[in-house]
Amino acid sequence: MDKKIFTTPILKQNPITVLVLGICSALAVTVKLEPAIVMAISVTLVTGLSSFLISLIRKTIPNRIRIIVQLVVVAMFVILIEQILKAYVYDVSKQLSVYVGLIITNCIIMGRIEAFGLTEKPLPSLVDGLANGLGYGLILIVVAFFRELIGSGTLFGAQIIPQSWYAANGGAYLNNGLFIMPPMALILIGCLIWIQRSIQKEDK
Amino acid sequence: MNTNKNSYTVIYTIVLVAIVATILALVSMGLKQKQQTNIEVEKQLSILSSANLAQDVKSAKDKNSYVQGEFAKYITEALVVNAKGEVVESCTEDITKSGAFKISIAEEYAKMRDIDAAKDEAAKESLINELRLPVFVCNMPDGGMRFILSAYGAGLWGPIWAYVAVKKEGTELSGAIFDHSSETPGLGGEIVTDKFRNQFVDKVIFDNGEICEIKVVKGGAKDPAHEVDALSGATITSTSVQKMLTQWFNYYKPYLQLIVDGSGNMPEPGIEVKEFEQDPEVIEL
């Protein structure tokens, strides 16, 4: 199996910065690191498993209803994950609220199934799905890192910026409220796309 | 095999959906108990936190059993009161199975909205009689006593709710806790922070038989007994908090009067308390 199946989606063909898919949830769940990581894991599992399952049954799927079949499979995995989160990490599932359910509409998943899972063998499909999920997760975590650190002064909920720096305690520092709002996620992703494009241009 | 035949397509979808539905139903049944416990523990934690109990929850090894243990230890009685201040149900054991714990404050809030929209006085009256408000009696580790009341209302994007702990004298709050389902993170969502909720300590809510509104004001609270600072950038959520508390306190008013008179806590079961099942008016619910 070609190693590139795994490495390209993470950097060169990153679903967010290059294909610009899955932007919506990248804006919504990146205020704090913890939900961003749970979201990254959830999406990785869903993309990997649904690509794998679709690839497994790809020869039996009637072509005319293939999108519906894909949706049913994706929805099943998403609901499974939602139920498991609610049972085992209730706090995080509360923070993610509707966004777990909205993984179903994440364009990366359907995109990868259509472009890869439907035509390739199960194992490469699984790897391709997982790698795309990881590529998505990587961007999510980078964005969440900056948003939580600058917006709330914390990482994983623990205070990083010393309390004595704050204006309220006699310092000269204030959390930047803009980082908590969705527009800042878009700006950060824009910066990441910028950085990545300028590096890749030099490669060519 | 020709996968494009109509009959094949139909059978394929039926089988696929049946398999997926079975898997999901099984998983949902298997996890239901655990999910229910999580929801209950969340509520218990809110109730305890309003009285500033269960502070070690973050460092607790097993969050659920810690919260359940603390709840059983400090919450000694759960009452259901109506808008006349009468206690219609009292429970001192297995509080999590009590009527008070199971009351959905969202549904009671829906009734309050019906009351506000009622056309004539008679309809209003009968709707008010149907209100059921939960009260949790909390015995503090230092020997004090708190009455924990609930509140529920509309925020900017979705519901907000609160649990407030009233001191034994019935006139002041000892603490409050707020939560929301979809307020803007960093703005309205800040009602959950300790910074906001700690402002409600020692606020006067009941004086001389009247409810005192806790005013959520912009630009610095001046009256320490009645005013708290609004959240910056979240005017609607802030005023919603004020509206919600005032609305619920007004329905709790007759019961607060009982607390002030010193008879709010624990009427002997069977003497003053009407049994839940025997009250025909209640059964209609």
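**Close-up views of chain B in a predicted model**

**View 1. Contact between chain B and chain A.** In this predicted model, 20 residues of chain B are in contact with 20 residues of chain A. The side of chain B that touches chain A comprises 10 nonpolar, eight polar and two charged residues.

**View 2. Strand 3 of chain B and its pairing with strand 1.** Strand 3 of chain B spans residues 133-139, and six of its seven residues are buried, so the strand is largely enclosed by the rest of the structure. Strand 1 of chain B (residues 75-81) pairs with strand 3 of chain B in the antiparallel sense, over six bridges. Within strand 3 of chain B, B:Val137 is the residue opposite B:Glu77.

**View 3. Hairpin of strand 3 and strand 4 of chain B.** Strand 4 of chain B (residues 145-154) runs antiparallel to strand 3 of chain B and is joined to it by five bridges. B:Cys138 has B:Arg146 of strand 4 of chain B as its bridge partner. Five residues lie between the two strands of this hairpin, in which B:Gly143 adopts a positive phi near 95°.

**View 4. Packing of helix 4 against helix 5 in chain B.** The axes of helix 4 (residues 105-117) and helix 5 (residues 121-130) of chain B are 9 Å apart, and the helices pack at an angle of about 165°. The two helices of chain B are therefore roughly antiparallel to each other, and helix 4 passes helix 5 in a left-handed crossing. Helix 4 of chain B contributes B:Lys111, B:Asp114 and B:Ile115 to the contact, and helix 5 of chain B contributes B:Lys124, B:Leu127, B:Ile128 and B:Glu130. By class, the residues of this contact are three nonpolar, no polar and four charged.

Definitions and conventions: Residues are numbered from 1 along each chain as its sequence is written. Chains are lettered from A and ligands numbered from 1 in the order in which they are written. This is a predicted model: local features need pLDDT of at least 70, side-chain atom pairs count only at pLDDT 80 or more; totals for chains, interfaces and linings use all residues. Two residues are in contact if their C-beta atoms, placed from the backbone, lie within 7 Å. Ala, Val, Leu, Ile, Met, Phe, Trp, Tyr, Cys and Pro count as nonpolar, Asp, Glu, Lys and Arg as charged, and the others, Gly among them, as polar. A residue is buried if 20 or more other C-beta atoms lie within 10 Å of its own, exposed if 12 or fewer, and partly exposed in between; C-beta atoms are placed from the backbone. Helices (H or I, at least four residues) and strands (E, at least two) are DSSP runs, numbered from the N terminus. Two strands pair if DSSP finds at least two bridges between them. Axes are lines fitted to C-alpha atoms, for helices over the stretch in contact, and angles run from 0 to 180 degrees between N-to-C directions. Angles under 35 degrees count as roughly parallel, over 145 as roughly antiparallel, 65 to 115 as roughly perpendicular and the rest as oblique. A crossing is left-handed if the near helix is turned anticlockwise from the far one by less than a right angle, and right-handed if clockwise.
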